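Dear colleague,

Please find below the structure that I am handing over to you. My notes on what was found in it follow directly after.

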Amino acid sequence: MSKVPTMRLDRLLANLGYGTRREVERIVWAGLVVLDGAELEDADQRIAITPDLSVRMTVEGAPLDPPPGLTLMLHKPLGVTCSHKEQGPLVYSLLPERWRRREPAISTVGRLDKDTSGLLLLTDDGGLLHRIISPRSDVSKRYDVTLDRPLRGEEEKIFASGKLVLDGETKPLLPVRLEVVSRTRVYVTLAEGRYHQVRRMFAALGNHVVALHRDRVGSLALPDDLPAGQFRILGAADLALVLSPPRRNES
């Protein structure tokens, strides 16, 4: 059985963004941190970081924020950038303000450009992040694509060939799966993540993407009831879906 990690209470709350160590001490001394129904009195006492800690502990009357190991699914809206530094609205502004002070920090798992909406993963687990984006994990992403002009009929074969070379590159793309919904709408499933890959693939065939929405990562689908700009915390079963390949009949 693996040993349960522990952490000083003041460090735990500071790392979760509740304030500086000094500010956290004042919260504790005021009797505002409660574990299993009992007020905690010592800011330097060690706390076992158990999976149910957010259920057992409250801070200022509210459940404790999720401890490190947090992974989110965000429905990214159009016009929002996956960055800490660029101008304009950022995806991190869609999270609770306190979460932006967490340590380790929450980072996006890959990126969606400003003009792409849909399923975006965020996590503070560096190991999980690298596992998902590693080419060896072969995690697929599916995009709902709306095109400016009708398909010519050869796109599916060309994308699946593994021979398409994007403008300015020399290495061919890995095979990409295309599913036709209509003459101007398709699903594209790929495992690579080259810069603006879907848009450049269609540009190489003389077409233009007018709308791009990611609806699936691995076998994890973006729920219909998750509005743009909202997020959900993922559990172990959700993460297993991220790392498992989609079945051919999934839609």
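**Salt bridges**

R232 forms a salt bridge with D225, and their closest N and O atoms are 2.7 Å apart. The term salt bridge is used here for a side-chain nitrogen of Lys or Arg within 4 Å of a carboxyl oxygen of Asp or Glu. R232 is partly exposed, at 33% relative accessibility, whereas D225 is exposed, with a relative accessible area of 55%. For these words, buried means under 20% relative accessible area, exposed means over 50%, and partly exposed lies in between (1.4 Å probe, protein chains only). Salt bridges that share partners also join E169, E192, R194 and R200 into one network.

Please note that this is a predicted model, in which local features need pLDDT of at least 70 and side-chain atom pairs count only at pLDDT 80 or more, while totals for chains, interfaces and linings use all residues. Residues are numbered from 1 along each chain as its sequence is written, and side-chain values use heavy atoms, with hydrogens and water left out.

The count comes to 18 salt bridges. One of them joins D113 to R199, with the closest N and O atoms 3.4 Å apart. This pair links distant parts of the chain, 86 residues apart: D113 lies in the loop between β8 (107-108) and β9 (116-123), and R199 lies in helix α6 (residues 197-204). Helices (H or I, at least four residues) and strands (E, at least two) are DSSP runs, numbered from the N terminus. D113 is partly exposed, with a relative accessible area of 22%. A further salt bridge is formed by D148 and R149, whose closest N and O atoms are 3.0 Å apart. D148 is partly exposed at 42% relative accessibility, and R149 is partly exposed at 38%.

In soluble globular proteins, nonpolar side chains tend to be buried together. A nonpolar core is taken here as a set of buried Ala, Val, Leu, Ile, Met, Phe, Trp, Tyr and Cys residues joined through side-chain atoms within 4.5 Å. The largest nonpolar core has 32 residues, and those with the most contacts inside it are L122, V145, F159, V188, V198, M201 and F202. Two or more residues of this core come from each of β7 (71-76), β9, β10 (141-147), β12 (185-190), α6 and β13 (209-217). Leaving aside residues up to four places away in sequence, M201 touches F159, L164, L166, L173, V176, V188 and L190; contact means heavy atoms within 4.5 Å.

Which residues of α6 are buried? They are Q197, V198, M201 and F202. These residues lie on the same side of α6, because they cover an arc of only 130° around the axis; the arc is that of the directions from the helix axis to the C-beta atoms. The elements that cover them include β10, α5 (155-160), β11 (177-182), β12 and β13. After α6 comes G206, whose phi is positive, near 80°.

**Strands around β13**

Two strands pair if DSSP finds at least two bridges between them. β13 pairs with β9 in the parallel sense over 3 bridges, and G118 stands opposite R214 in β13. β10 and β13 run antiparallel and are joined by 7 bridges; here the bridge partner of K141 is V217 in β13. β13 also runs antiparallel to strand β14 (residues 220-221), with 2 bridges, and R216 has A221 in β14 as its bridge partner. β13 and β14 form a hairpin with 2 residues between them, and G218 in the turn has a positive phi of about 60°.

In helix α2 (residues 21-29), V24, E25, I27 and V28 are buried. They fall on the same side of α2, because their arc around the axis is only 160°. The exposed residues R22 and W29 are on the face turned away from the buried side of α2. The buried residues of α2 pack against α1 (9-15), β2 (33-35) and β5 (57-59).

An open sheet is formed by 4 strands in the order β3-β2-β5-β6, with antiparallel pairing. β3 (38-39) and β6 (62-63) stand at the edges, each with a single partner strand, so one side of each has no neighbour in the sheet. β5 and β6 are joined by 2 bridges, and V59 stands opposite A62 in β6.

Yours sincerely
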